[in-house]
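Subject: Structure for your review

Dear colleague,

Please find below the structure I am handing over to you. My notes on what was found in it follow directly after.

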Amino acid sequence: MDSADFHYHTGHGSDQIGLVSEICLYNWASYSSTGDVQASEVNKKWDQNNEWVMIASCEVLHDVNEWAKALKYGHGILGFSSTVPTSTALLDRFFEETINNDDEIVDAWLFATIETFDSSVTAVAIADTDDQFVYDHLNGQGTMEPNESPDDSLYAYNSWGC
């Protein structure tokens, strides 16, 4: 993943009774550390060429503060803090906004989620810096802000009911 400019993950996510939010892999076992990816496991590890991660899974970004810690030099994370139905329209709309309309990544995520889901779904966008949150585009579609330097614990984020 660290070598990709944009990483897309879809599958199950969980926020087990508010204890820890996690990406559930194929061999996930509830209430165990089997087959999951928790924020603590990727703390400061997204640090090479990866710029943006989209996690289309339920509840993974429930704890924004913990997931933001993954961004050493990565720019941002898009996802959900609520349950979310599966949708192919989400990706179509997101890429239409980012590629055809040259929209910024967070704006495209906002538009795509609002146009795809209803208000019961809560979408989240996290970026390592304010400028990345506002100005980053997909590579080749506009500006890409520099990596944060020096790395600190600050981040920008927003969440909204779709």
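In strand 3 (residues 21-24), Ser-21 and Ile-23 point one way, while Glu-22 and Cys-24 point the other way; all of them are buried. Please bear in mind that this is a predicted model.

Strand 3 has a partner in strand 2 (residues 12-15), to which it is joined by four bridges in an antiparallel arrangement. Within that pairing, Asp-15 has Ser-21 as its bridge partner. Strand 3 is also joined to strand 4 (residues 36-38), again running antiparallel, through three bridges. Here Ile-23 has Val-37 of strand 4 as its bridge partner.

Five strands form an open sheet with mixed pairing, in the order 1-5-6-7-8. Its edges are strand 1 (6-10) and strand 8 (156-161), each of which pairs on one side only. On average, neighbouring strands of this sheet are turned by 10° against each other, direction ignored. Strand 1 and strand 5 (residues 52-56) are paired in the parallel sense, over five bridges, and His-7 stands opposite Val-53 of strand 5.

Which strands does helix 2 lie across? Helix 2 (residues 88-100) lies across strand 1, strand 5 and strand 6 (76-80), and it runs at about 165° to strand 1.

I turn now to the aromatic residues. Seven aromatic pairs are found in a search of the whole structure. One of them is formed by Phe-80 and Trp-109, a tilted pair with 5.3 Å from centre to centre and 55° between the planes. Because Phe-80 lies in strand 6 and Trp-109 in helix 3 (residues 105-116), this pair ties together parts that are 29 residues apart in sequence. Both Phe-80 and Trp-109 are buried.

The pair of Phe-94 and Phe-95 is edge-to-face, because the ring centres are 5.2 Å apart and the planes stand at 70°, where an angle over 60 degrees counts as edge-to-face. Are these two residues buried or partly exposed? Phe-94 counts as buried, because its relative accessibility is 0%. Phe-95, with a relative accessible area of 28%, is partly exposed.

Finally, one aromatic cluster is formed by Phe-6, Phe-80, Phe-94, Phe-95, Trp-109 and Phe-117.

With kind regards

Note on methods
Residues are numbered from 1 along each chain as its sequence is written. This is a predicted model: local features need pLDDT of at least 70, side-chain atom pairs count only at pLDDT 80 or more; totals for chains, interfaces and linings use all residues. Side-chain values use heavy atoms; hydrogens and water are left out. Two strands pair if DSSP finds at least two bridges between them. Helices (H or I, at least four residues) and strands (E, at least two) are DSSP runs, numbered from the N terminus. Axes are lines fitted to C-alpha atoms, for helices over the stretch in contact, and angles run from 0 to 180 degrees between N-to-C directions. Contact means heavy atoms within 4.5 Å. Buried means under 20% relative accessible area, exposed over 50%, partly exposed in between (1.4 Å probe, protein chains only). Rings of Phe, Tyr and Trp (its six-membered ring) pair if their centres lie within 6.5 Å; planes under 30 degrees apart count as stacked, over 60 as edge-to-face and the rest as tilted.
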